[in-house]
Amino acid sequence: MAFAAIGALALTLSACGDGGSGGDGSGGSGGKATGKDTAPTVRLPKLDGQQLQVVAVWTGPEQEAFTKVLKEFEKRTGARVSYVPTQDAMLNYIGTKIAGGSPPDVAMLQQVGALQQAVERKWAKPANAETKAQLAKNYSQGWQDLGSVNGTQYGVYFKTANKSLIWYNAAVFENAGATEPKTWKELMATAETVSASGVTPMSIGGADGWTLTDWFENVYLSQAGPEKYDQLAKHEIKWTDPSVKRALTTLAELFGKPNLIAGGAAGALQTEFPTSVTQTFTGGDQPKAAMVFEGDFVSINIAQTEAKIGTDAKVFPFPAVDGGEPPVVTGGDVAVALTDKPASQALLTFLASPDAAAIWAAEGGFLSPNKSLDPAAYPNDVQRGIAKALIAAGDDFRFDMSDQMPQSFGGTPGKGEWKALQDFLKNPKDIAGTQARLEADAAKAYQNGG
């Protein structure tokens with residue numbers, strides 16, 4: 001899963017509010033949505049009477065949007081689909097259901113590591129010919145490879161994310177005379193400028209440990225480079241490596257200044273991700289914070305406020321660190337069949353088509369790696385620009401590091417990397433201790449294979 005050097009995604013983001021112009025690598029028709037766009041592009045079997053259970057972590061607005069996708073699948077096939085939201089530790093839930101003799105039919109896994117473990121445990125079923133045909137037609141090789149294990153295709157990346165974005169309250173920036181930073185040094189200077197204007201600069205959802213892994217990964221990828229990133233992701237180098245120390249030292253420049261974080265470290269550790277977004281875009285030009293770092297999916301939380309994306313809420317790429325390239329970190333949810341039902345494979349085929357992607361794209365808070373999806377399906381120019389840039393990047397990205405690791409280390413609340421970085425946010429001076437804990441937990445997880 002080592003891809004080419006980092007690149008194109010950041011290039012169009014700073015201008016993505018200007019109408020989403022370009023068309024470079026969009027893969028869609030580039031035109032406005034018309035009646036022809038609603039014609040099915042994929043043929044699905046008739047599945048009258050078949051029952052299908054799908055599990056994912058989505059709740060709230062995301063669950064509502066995904067339910068619309070499943071309703072369309074029901075309409076086209078006659079199958080009946082039930083959706084069950086689960087906790088982040090998806091493999092634990094699936095294992096319990098399999099042990100009880102009632103596995104879900106399709107699971108939306110959040111980690112590459114979880115897909116590999118599902119295959120190793122013989123839970124996952126290979127994708128059929130129809131699904132593979134849709135993937136070959138609609139996905140770059142890099143995204144196909146992420147859904148395969150040992151050369152066999154299992155998964156479909158339906159929903160992805162650009163996790164290298166910082167969103168900001170435009171009114172606060174304007175009042176402070178702040179501009180969009182291009183480097184980490186400029187980001188810290190911008191934070192001080194905003195702070196001097198009377199608004200706390202940064203909102204951090206530290207109660208959810210995954211947001212902190214994303215902070216680390218963006219700094220590490222830009223600073224240490226893609227080769228080191230791949231090595232650390234596979235635990236080919238240790239967490240006690242000097243490159244990790246350097247990245248944590250950089251993060252401590254922000255985490256070690258409580259006045260720059262809404263609520264300080266203690267407040268951040270009690271702030272869940274959705275609140276970290278909404279508190280940045282409520283209160284007019286006097287919100288609890290001016291900026292919040294996270295992926296394109298932030299837009300679905302901004303939609304819960306009065307702020308309008310592109311005017312009140314704007315976005316810039318995660319800045320380059322110490323002369324490195326601006327990072328491009330992606331995440332994603334991969335659909336995998338856990339039963340041999342025809343309906344399980346048919347849903348994977350549907351999810352690999354632009355038809356399914358267009359439904360959620362229209363709802364917002366969604367990014368698809370499907371290059372056949374017309375950018376006009378997205379609801380605003382900001383998201384259109386982010387989507388076009390992702391497609392234009394081809395395979396020039398790195399997948400979320402924690403999601404490539406064994407789930408017990410990289411994807412479990414209160415354990416492993418999530419817990420170590422929450423402790424680091426609380427005490428950013430303890431860099432050596434943080435590295436030691438990360439290495440001890442990683443070594444154990446890789447040795448145990450989960």
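## Domains

Domain bounds here come from an automatic or database domain assignment. On that basis the protein is split into domain 1 (51-162 + 331-399) and domain 2 (165-327 + 414-448). This is a predicted model, in which local features need pLDDT of at least 70 and side-chain atom pairs count only at pLDDT 80 or more, while totals for chains, interfaces and linings use all residues. Residues are numbered from 1 along each chain as its sequence is written, and side-chain values use heavy atoms, with hydrogens and water left out.

The C-alpha centres of the two domains are 27 Å apart. Contact (heavy atoms within 4.5 Å) links 17 residues of domain 1 with 16 residues of domain 2.

## Helix H10

Helices are DSSP runs of H or I with at least four residues, strands are runs of E with at least two, and both are numbered from the N terminus. H10 covers residues 242-255, 14 residues in total. From first to last C-alpha H10 reaches 19 Å, close to the expected 20 Å, which is 1.5 Å times one less than the number of residues.

Buried residues (under 20% relative accessible area, 1.4 Å probe, protein chains only) of H10 include Ser-243, Val-244, Leu-248 and Phe-255. The buried residues of H10 pack against several elements, among them helix H7 (184-196), strand S8 (202-203) and helix H20 (431-448).

Definitions and conventions. Buried means under 20% relative accessible area, exposed over 50%, partly exposed in between (1.4 Å probe, protein chains only).
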